Amino acid sequence: MGQGDFGTNQYYVDRLKKRKRVLATSLIYREMGVDNHGVQKRADQSISQGLIPGSAADRIIHYDTRSYSGQFSDDGNFFFCCAQDFKVRMYDTSNPYDWKYYKTVDYPFGQWTITDATLSPDNRFLVYSSIRSQAYMATTDPEDNSDPSVLDFSTLPGQGRRRGFGTSHFGIWSLRFSGDGREVVAGTSEDSVIVYDLETKQPVLNLRDRHQHHVNAVCYGDTSSPHILYSGSDDTTLRVWDRRSMGDGREAGAFMGHTEGLTYVDSKGDGRYVLSNSKDQTMKLWDLRKMMTSADIENIDPAEYTTGFDYRFEPYPNAYRTNAKNDCSVVTFQGHRVLKTLIRCHFSPPGSTNSRYVYSGSEDGKVYVYNMDATLAGTINVGQATLNSRPREPDAYATAYEMSGEMLWRTCVRDASWHPDAPVLAATSWNGWGLSTGTCTVHSWNAGAADDEGDPPVGKSYDDKLRYIPEFNDYRENTASRHSRRPLRSRPVRRWELHEEGEEDIW
């Protein structure tokens, strides 16, 4: 906590006296010029860094298929959400409390789902992928209805495209725009990292034969430079690539410490810190100065740590929780559950939180927000906020992810995005009866208030174009009133097990 830029620590007297720092107290301290060790405050973000969004949902945006990812743009004026129906919806979030529908683009001939999307730094273009070797680039201009451009990642660097349209021999799991908007880096099911140049319309770098399994996540290390790349794989390693010294085709170094495959990596953007989520149910913070060299990892077999459990359908046994050898991480965060899908993690933004936290989705329907000392700062309960927010439809059984036992309401938060300038978080989830549908829920800081006097009312349901859905809201209100009624009994009676819709729900 004393190194790097990770927010402002609490004044030691407040911690000693166990005082609760609220917004009013922070404002008073700013006016008094009081800070850690008596230094005057210069960061206005220290006022707002304690404003963690609450569990109550400002609005619930429903999709008829599972939602896989959703992110704000760097300036906070734009939000996109990817769903399993091969569509990416875009929203105008220039007012983070009053979203406007913007545009929808499609992925033709996709496989299973849209796996990821990335927005150009100027917000003009969106690149999105499926489990195919072609990605698509569409303009975000709502007046432009032209077909998206095809980005073929399967060609070798320096060669033209040879395969016909629609063919594919690998899938793309992760995409990221470079800070200058000229390139896109992708992680693939071919165990490779590919950098695609948007001007020449071809790959310029293909890093293979170093990762031993699927590359589930990639990102650039520095927003101001395209030279440093991070890649996280199912082989449990997070590798660091420096494109200025790629003569031997090897990575500059690697991080080891996870005991199962990685599901996501996120760079702080300062060229120093990187975050990873893993199927071993932990999130880890890494410092670039502590990475292992290529020579160090040559004699280590990553497969020695893995157990081979199927995170999609199995729980993670406690017996599998072991400390990895050669763990060079700085901090390990535990409490969330990385099951069913490639759940994502992020650094909190510098603008609205002073980079004070890290956060992750979870299979138990929550977003977990951690302090940098690995203590839990707060949770956002998406499952509770959305419970029974849509009727059970007949075709839900055909699209359910979980078919064991009774069809219950369940929530798995796959991705979350914190607004860069406001205490607002958008959570993208598999959500509904048997995880058959999806939602994007918008949560804001409200000082713990149960109700909101503003307009429109909080917790209401909307469709993908932000149109109010009366039948969804009526169903939820009727279900809530049915739960609140309790029968009057004058003598003991036999308790029957209830099987009405919504009874004994689990999220």
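I looked up Gly70 and found it opposite Cys81 in strand 3; strands here are DSSP E runs of at least two residues and helices are H or I runs of at least four, both numbered from the N terminus. The model is predicted, so I took local features only at pLDDT of at least 70 and side-chain atom pairs only at pLDDT 80 or more, while totals for chains, interfaces and linings use all residues. Residues are numbered from 1 along each chain as its sequence is written, and side-chain values use heavy atoms, with hydrogens and water left out.

I then checked pairing (at least two DSSP bridges between two strands). Strand 2, residues 67-72, runs antiparallel to strand 3 over five bridges. The two form a hairpin with five residues between them, and Gly76 in that turn has a positive phi of about 80°.

On strand 4, residues 87-92, I found antiparallel pairing with strand 3 over five bridges. Phe78 stands opposite Asp92. Three residues separate strands 3 and 4 in their hairpin, where Phe86 has a positive phi of about 65°.

I asked which residues cover each face of strand 3. Phe78, Phe80 and Cys82 lie on one side, Phe79, Cys81 and Ala83 on the other, and all are buried (under 20% relative accessible area, 1.4 Å probe, protein chains only).

Last, I looked at Ser329, in the loop between helix 4 (294-297) and strand 21 (331-334). Ser329 counts as buried because its relative accessibility is 15%. Its side chain makes a polar contact with the side chain of Lys284 at 3.5 Å, and another of 2.8 Å with that of Asp327 (N or O atoms within 3.5 Å; within protein, one able to donate a hydrogen and the other to accept it, with sequence-adjacent residues counted only if both atoms are side-chain atoms).

Methods. Buried means under 20% relative accessible area, exposed over 50%, partly exposed in between (1.4 Å probe, protein chains only).
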